[in-house]
Protein chains: 2
Amino acid sequence: MSRDFKRLEEADLMPLAIGAALLGTGGGGNPYVGMLRTRELLRSGAKIEIMPLEALADDDWVAECGGVGAPVVGVEKIEEGGECHRAVMAVEQAAGVKCSAVICAEIGGSNSMEPIIVAGRAGIPVVDGDGMGRAFPEVQMTTFFIYGAKPSPAAIADDKGNVVVFQEVVDMFWLEKFARDVSVGMGAGAGFAVAPMRGDFIRKTAVPGTVTQAINIGKTVLNARLKHQNVVERIVEETGAKLFFTGKISDIERTLTGGFSRGRAKISGVGQWAGSEAEIAIQNENLVLWVDGEAVIMVPDLIMNLELETGEPITTEMLRYGQRVAVIGLPVHALLKTPRALEIVGPAAFGYPDLTFKPLG
Amino acid sequence: MSRDFKRLEEADLMPLAIGAALLGTGGGGNPYVGMLRTRELLRSGAKIEIMPLEALADDDWVAECGGVGAPVVGVEKIEEGGECHRAVMAVEQAAGVKCSAVICAEIGGSNSMEPIIVAGRAGIPVVDGDGMGRAFPEVQMTTFFIYGAKPSPAAIADDKGNVVVFQEVVDMFWLEKFARDVSVGMGAGAGFAVAPMRGDFIRKTAVPGTVTQAINIGKTVLNARLKHQNVVERIVEETGAKLFFTGKISDIERTLTGGFSRGRAKISGVGQWAGSEAEIAIQNENLVLWVDGEAVIMVPDLIMNLELETGEPITTEMLRYGQRVAVIGLPVHALLKTPRALEIVGPAAFGYPDLTFKPLG
């Protein structure tokens, strides 16, 4: 295998964290702690390469992993750090294979960093792509599962040394159910890995280039700040996103049930939207944006809240009364908009059967 | 290995079911369906041997299994039949060993039959003994765990084909937690197997002779019925139990929470106890009997409700207003009364820290 892939540099980490937080569409947890861990790995000599999708050989085995739990818990319950690696080792053992690369389940939020930490610990590259192109709250909501990945053996590992293997699982919905139940028992935060997948399958089903995309978005934000530009405007220009609302959070309702953060945020318009009212529905991530009662962006398209002044992405657990926000929308990758994908990640899958998905752009 | 063990005969099954229901101390589920399955196995030619504890070689591997869930669910959700066998095969694979015998986790209730079904399917004997000498609601409450059995790898399997392996578990309490959570996800009824144990360990830690004991109790009941004797009296004579109360159920409170049946039954005295009031606390099994406010029998000693007229054991999920019952008590095996055992199965372990265990007899 050719090994002249781009190396992940320390200078990439802050941009990656910012880009991943933005692509997290309010969820996926804060990548900050994972960024510090990755920096420590790099400083202690780990070489982490970013492998393009095309470089995967047909018979390479690829591990897909990420944290599973409620982001709001992750704010106070910091991971031990080896959770995802232990989960990956457990699925390798259960499947009887050795993985030569690792890929993000979701590029959005803290799960952008988890597979990179595994890559650094295991000495294998991280693939430039992921299974969502954003963040989603449930484990079956990846392009891999949508396009036929096997639901078992999968594994979950906690900070204490517990490792549970989902040896035989009827389908991906049962896997989500079991993983969720066990993750709640583990304290609503754990490392999760699915059955290793072959390189040819990953090449066809992964959302391509998203690690690089996240780094580029982050660099745009940092450059704009450095040059005292309007960060929200620069993000919109750079990513092809559209500004849908600006306003002040007037009400926020958030509960932690069944291992998820669920809730609603109300926003009173300012500037161009003065006099209008917006509302966002949340299940870990932002699901639907209504402006004056009309659903204008809906899952799986990306809904992102930015601090109006700084352009800093705001995760749903950090939303608070009085915050001034810009809400932008970005079309999701085509792999997530097929009829098959919409069954798993469309509005109906999130409990909005009356909303017919109208794609952005 | 000598193989002239006693064979389980069809004529043993009804007595075993009756004895097991009695030793279930109100819990453990009804052995009736398991009895029918075992009968089918025997009729289709399976040879099931009852192996004395002493016959186990030091390096024999023994599988311990049973159903896990809430007995009240088992009344309507009948097991598929292969759950425990699939769980045993999963722990054999995870531990890399082949078991040459199987032993009951609990002789009380439906779990008396589960390992016998596995024995018949796998073509190996069932050991004459168990880990409780009765029934208890939680998986760590066996003599095996009390005296140091490893908590992993254990496994749980459902009727649909799902198999979850608890690959690495910090301790037996985490195992109970994970098994309980997953069993709830599986519909509050599943087959469970712990890590295979060596013959020398089983010989030292199992409650001996309980399969035979259950069959003998059942035969006593059936004989007494045949001869129109007072069944309750005959049970008391045969087992060394003592009659503690006779009365009519005046109130019953029962909820299904966290995968357990929990509740209380109040009994108004009749006959010798006319004017007295008794109360029984339940967590799947009968935990404490109070008569006129005084705790007279408490876990781990056995508290058994029998129908006053027929001597039929009544499981907690079958208790109902107006039933006339006899409450008898039986001392538990010495292995369950050591200080170490009382930490796991004494009154405090069941939420009664103010009750100091006073053994019967």
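In this predicted model, chain A has a radius of gyration of 19 Å, which agrees with the value near 21 Å that a compact globule of 361 residues would have. Along the principal axes, the C-alpha atoms of chain A fill a box of roughly 60 × 45 × 35 Å. The secondary structure of chain A consists of 11 helices and 17 strands.

The arrangement of the two chains was examined next. Two copies of a chain are related by a rotation about an axis and a shift along it.

Within chain B, the packing of two helices was described in detail. The axes of helix α2 (residues 32-43) of chain B and helix α5 (residues 114-122) of chain B come within 9 Å and cross at roughly 20°. Angles under 35 degrees count as roughly parallel, and α2(B) and α5(B) are therefore roughly parallel to each other. Their crossing, that of α2(B) and α5(B), is left-handed. On the side of α2(B), the contact is made by B:Gly34, B:Arg37, B:Thr38 and B:Leu41, while α5(B) contributes B:Ile116, B:Ile117, B:Gly120 and B:Arg121. By class, this contact of α2(B) with α5(B) comprises three nonpolar, three polar and two charged residues.

Methods:
Residues are numbered from 1 along each chain as its sequence is written. Chains are lettered from A and ligands numbered from 1 in the order in which they are written. This is a predicted model: local features need pLDDT of at least 70, side-chain atom pairs count only at pLDDT 80 or more; totals for chains, interfaces and linings use all residues. Side-chain values use heavy atoms; hydrogens and water are left out. Axes are lines fitted to C-alpha atoms, for helices over the stretch in contact, and angles run from 0 to 180 degrees between N-to-C directions. Helices (H or I, at least four residues) and strands (E, at least two) are DSSP runs, numbered from the N terminus. Angles under 35 degrees count as roughly parallel, over 145 as roughly antiparallel, 65 to 115 as roughly perpendicular and the rest as oblique. A crossing is left-handed if the near helix is turned anticlockwise from the far one by less than a right angle, and right-handed if clockwise. Contact means heavy atoms within 4.5 Å. Ala, Val, Leu, Ile, Met, Phe, Trp, Tyr, Cys and Pro count as nonpolar, Asp, Glu, Lys and Arg as charged, and the others, Gly among them, as polar. The radius of gyration is taken over C-alpha atoms; the globule rule is 2.2 Å times the number of residues to the power 0.38.
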